[in-house]
Amino acid sequence: MAQEVRGVIAPGKNEPVRVETVVVPDPGPGEAVVKIQACGVCHTDLHYKQGGINDDFPFLLGHEAAGIVESVGDGVTDVAPGDFVILNWRAVCGQCRACLRGRPWYCFNTHNAKQRMTLTDGTELSPALGIGAFAEKTLVAAGQCTKVDPAVSPAVAGLLGCGVMAGIGAAINTGNVGRGDSVAVIGCGGVGDAAIAGSRLAGAAKIIAVDIDDRKLTTAREIGATHTVNSRETDPVEAIRELTGGFGADVVIEAVGRPETYQQAFYARDLAGTVVLVGVPTPDMKLDLPLIDVFGRGGALKSSWYGDCLPSRDFPMLIDLHLQGRLDLGAFVSETIALDEVEAAFERMHHGDVLRSVVVL
């Protein structure tokens, strides 16, 4: 029988979000209903609210979440009621050309629940990234549920569902940061700081954090940066080169998503070094680089999709590292809030006052 729960709805472009009653259907084949325990407030949710993703309003926001599987539909074998899970927005299909080539982290046919959640009047909701977790319960494809050790705090675990995984994966999976490498991270929000944490975990010898906000640089140093550069006051390319013997960093991770900062990343890397773009640009942005420089500097220019993660592989591993005290995921939680405080959390996020606000239910 369908259930009625509270959820945070974005009713229209740039309209304030509000808490509404959401109807969650019973899970169909391949689906699961998850009781949400915590969900981070991510920039992507703000982009949905602003109409920056698409105009399929109303949206049920929230996607960076963890909770308990309440029920599953026919054919579900990987998770069962009672399992503690992190939700992911790229449930791999196992059948597309990427999956069949043994690269499921690039899956080109990820899937979501087929049924739609609704308002009480029958209005269909568009769940953010196929999840919609600013709610007491949500309906997802069972493949979007990754079972992890229930000893971890839900407020911490859920962050791996998006931003923290994107940053850690950009360093470890996409950038292949290794022991003794020098790394520069441009943009020290949640994703950039996670890239710093990932670089530290991988054994980087030098981690240079770049931002225009001294508050963010202080946090970056607490998370693992060995050096900081305020790019409002100093040319970041010259500063990174000076800190790396005049050569540039082995890996530069761009976590802003703007042409200007991407150019800085491009020229701040060493010859044959790697640039990783994990910041998300807008469709109108264009990049102008001399092709001779692209050729002459060699190396690799990469984009990182969701940290090139495989949730079934990466989520349990990172949770285990956290529980062992080797990865401080708790450092990313700035505050915990209630469902009706999401609009105010968006404002704090926009002004750079928090690393992550987390809705706890």
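Entry 1, α5 and α6. In this predicted model, I looked up how α5 lies against helix α6 (residues 214-223), and I found an angle of about 25 degrees between the two, with their axes 9 Å apart. Because angles under 35 degrees count as roughly parallel, I note α5 and α6 as roughly parallel to each other. The crossing in which α5 passes α6 is right-handed. From α5 the residues D193, I196, A197 and R200 take part, and they meet T219, A220, E222 and I223 in α6. Sorted by class, this contact of α5 with α6 holds four nonpolar, one polar and three charged residues.

I then turned to the contact of α5 (residues 190-202) with helix α4 (residues 163-174), where the packing angle is about 45 degrees and the axes are 7 Å apart. I therefore list α4 and α5 as oblique to each other, and their crossing is right-handed. On the α4 side I recorded G163, V164, A166, G167, I168, A171 and I172, which meet V191, A194, A195, G198, S199, L201 and A202 in α5. The contact of α4 with α5 comprises ten nonpolar and four polar residues, and no charged ones.

Which residues does α4 bring to its contact with α10? I first checked the geometry: the axes of α4 and helix α10 (residues 311-323) come within 12 Å and cross at roughly 100 degrees, and I therefore describe α4 and α10 as roughly perpendicular to each other. The residues from α4 are M165, I168 and N173, while α10 supplies R313, D314, F315 and L318. By class, the contact of α4 with α10 divides into four nonpolar, one polar and two charged residues. I see I168 listed in the contact with α5 and also in the contact with α10.

Six strands make up an open sheet with parallel pairing, and I read their order as β13-β12-β11-β14-β15-β16. The edges are β13 and β16 (300-303), each of which pairs on one side only. Direction ignored, neighbouring strands of this sheet are turned by 15 degrees against each other on average.

D211 has N230 in β13 as its bridge partner, and I208 stands opposite H227 in β13. From β12 the chain passes through α6 to reach β13, a β-α-β crossover that is right-handed. I also noted that α6 lies across β12 and β13, running at about 170 degrees to β13. Helix α7 (residues 236-243) packs on the sheet as well, where it touches β11 (182-186), β12, β13 and β14 (249-254), and its direction makes about 165 degrees with that of β12.

Entry 5, the mixed sheet. Last I looked up the open sheet of five strands, whose order is β7-β2-β1-β4-β8 and whose pairing is mixed. Since β7 (118-119) and β8 (126-127) stand at the edges with a single partner strand each, one side of each is left without a neighbour in the sheet. Within this sheet I followed strand β1 (residues 3-10) and strand β2 (residues 18-24), which pair in the antiparallel sense over seven bridges. Which residue of β2 is the bridge partner of G7? I found that it is E20.

Conventions:
Residues numbered from 1 in each chain as written. Predicted model: local features only at pLDDT ≥ 70, side-chain atom pairs only at ≥ 80, totals over all residues. Heavy atoms only, no water. Axes fitted to C-alpha atoms, helices over the stretch in contact; angles between N-to-C directions. Helix = DSSP H or I, 4+ residues; strand = E, 2+ residues; numbered from the N terminus. Parallel < 35°, antiparallel > 145°, perpendicular 65-115°, else oblique. Left-handed = near helix turned anticlockwise from the far one by under 90°. Contact = heavy atoms within 4.5 Å. Nonpolar A, V, L, I, M, F, W, Y, C, P; charged D, E, K, R; others polar. Pairing = 2+ DSSP bridges. Right-handed = clockwise from strand over helix to strand, strands pointing away.
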